[in-house]
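Please look over the sequence and the structure shown here before reading on. The paragraphs after them are meant for someone meeting this structure for the first time.

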Amino acid sequence: MSKSITTHRSLPNFIADFKSITKFRLAVSVVFSSVAGYLLGVEQINLWHIIYLALGGYAMVGASNAYNQIIEKDLDAKMDRTKSRPLPAGRMSKTYAFIIASILTLIGIYLLYIINPITAMFGAISIFIYTSLYTPLKTKTPLAVFVGAIPGAIPFMLGWVAASGNFGIEPGTLFMIQFFWQFPHFWALGWWLYDDYKKGGFFMLPTGKRDKGTAVQIILYTIWTIIVSLIPVLGVTGDFYITPISAIIIFALGIYMLLKAIKLFKTKQVKASKQLMLASVTYITLIQIVYVADKYVRSWMEI
């Protein structure tokens, strides 16, 4: 343990390993979703709340990822894409990682609690489900993706809860959008990295194979994602509403992702799954921008 801690006395090494164990890019994308949800739900922007949400959100996601890597240390050592992480590579001990995860948990809950208690509660629920349910299920059943989609869908709606202080139809809709989106996204990732996941004993695809059944389900969940993303244009989701123009843009983005899903169905090639995964990331990022832009453009036009 002392050797592991000693290696982190070099600040650049510590920063690099900290980014790795908290999955920096993933955590930043989660923060982006949370801030987008906040901007959608807030009436008057509070800069401090955005800062608390961003830092608290990063801490909560970082803690979840750190706990995950502690549990999966031996499995990560078997996979090419994860064997160089701090724990399996021997640069960090489990104890050291647990201290980091615990500190991040406390910081995250505290910062989110400053905003309002319900935001902190959802953040804590997210860590619990991701660590205690999703992580152990990954080596047991493909249903792990369903369980993992729950904490994965919380950030977008968490922003609205942070802004409003309550849970209603609006954050519920944001939750549903990101919930359904995760299935084509993670199944595309599971298809792409199938051989590597197999080394670790992870069940990521719904049928367990790169087959027609999995490809069909990817298409179906992509369609559901598009449908749910367009519901706000109908005016049935409370204060969360988008104009027909924004709905057309979101529909076009959805069709692009759907075409990638259909291509995977036709070719069943790894290259197609990678393209779909990238298309799904583009989709969720851009529709969040469209939602926020729609709200503030409408507000500007009403002045």
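This is a predicted model: local features need pLDDT of at least 70, side-chain atom pairs count only at pLDDT 80 or more; totals for chains, interfaces and linings use all residues.

Leu 40 shows how parts of the chain come together here: apart from residues up to four places away in sequence, Leu 40 touches Phe 156, Trp 160, Leu 174, Phe 240, Tyr 291, Val 292 and Lys 295.

Because 16 of its 21 residues are buried, H8 is largely enclosed by the rest of the structure. At 1.5 Å a residue the helix should span 30 Å, and this agrees with the 31 Å that separate its end C-alpha atoms, although H8 bends by about 40 degrees at Phe 156. After H8 comes Gly 165, which has a positive phi, near 80 degrees.

Setting aside neighbours within four places in sequence, Lys 295 is in contact with Leu 39, Leu 40, Gly 41 and Val 42. Ile 284 also lies in H13, and because its relative accessibility is 7%, Ile 284 counts as buried. Beyond its neighbours within four places in sequence, Ile 284 is in contact with Ile 177 and Trp 181, while its C-alpha atom is separated by 9.8 Å from that of His 185, a residue 99 residues apart from it along the chain.

The structure also holds eight salt bridges. In one of them the side chains of Asp 17 and Arg 91 meet, at 2.9 Å from N to O. Asp 17 lies in helix H2 and Arg 91 in the loop between helices H5 and H6, so this pair ties together parts that are 74 residues apart in sequence. Asp 17 counts as buried, at 6% relative accessibility, whereas Arg 91, at 30%, counts as partly exposed.

Elsewhere, Asp 80, Lys 83, Asp 196 and Lys 199 are linked in a network of salt bridges. Asp 80 pairs with Lys 199, their closest N and O atoms being 3.0 Å apart; because Asp 80 lies in the loop between H5 and H6 and Lys 199 in helix H10, the pair ties together parts that are 119 residues apart in sequence.

Conventions
Residues are numbered from 1 along each chain as its sequence is written. Side-chain values use heavy atoms; hydrogens and water are left out. Contact means heavy atoms within 4.5 Å. Helices (H or I, at least four residues) and strands (E, at least two) are DSSP runs, numbered from the N terminus. The expected span of a helix is 1.5 Å times one less than its number of residues. The bend at a residue is the angle between axes fitted to the seven residues ending there and the seven starting there. Buried means under 20% relative accessible area, exposed over 50%, partly exposed in between (1.4 Å probe, protein chains only). A salt bridge is a side-chain nitrogen of Lys or Arg within 4 Å of a carboxyl oxygen of Asp or Glu.
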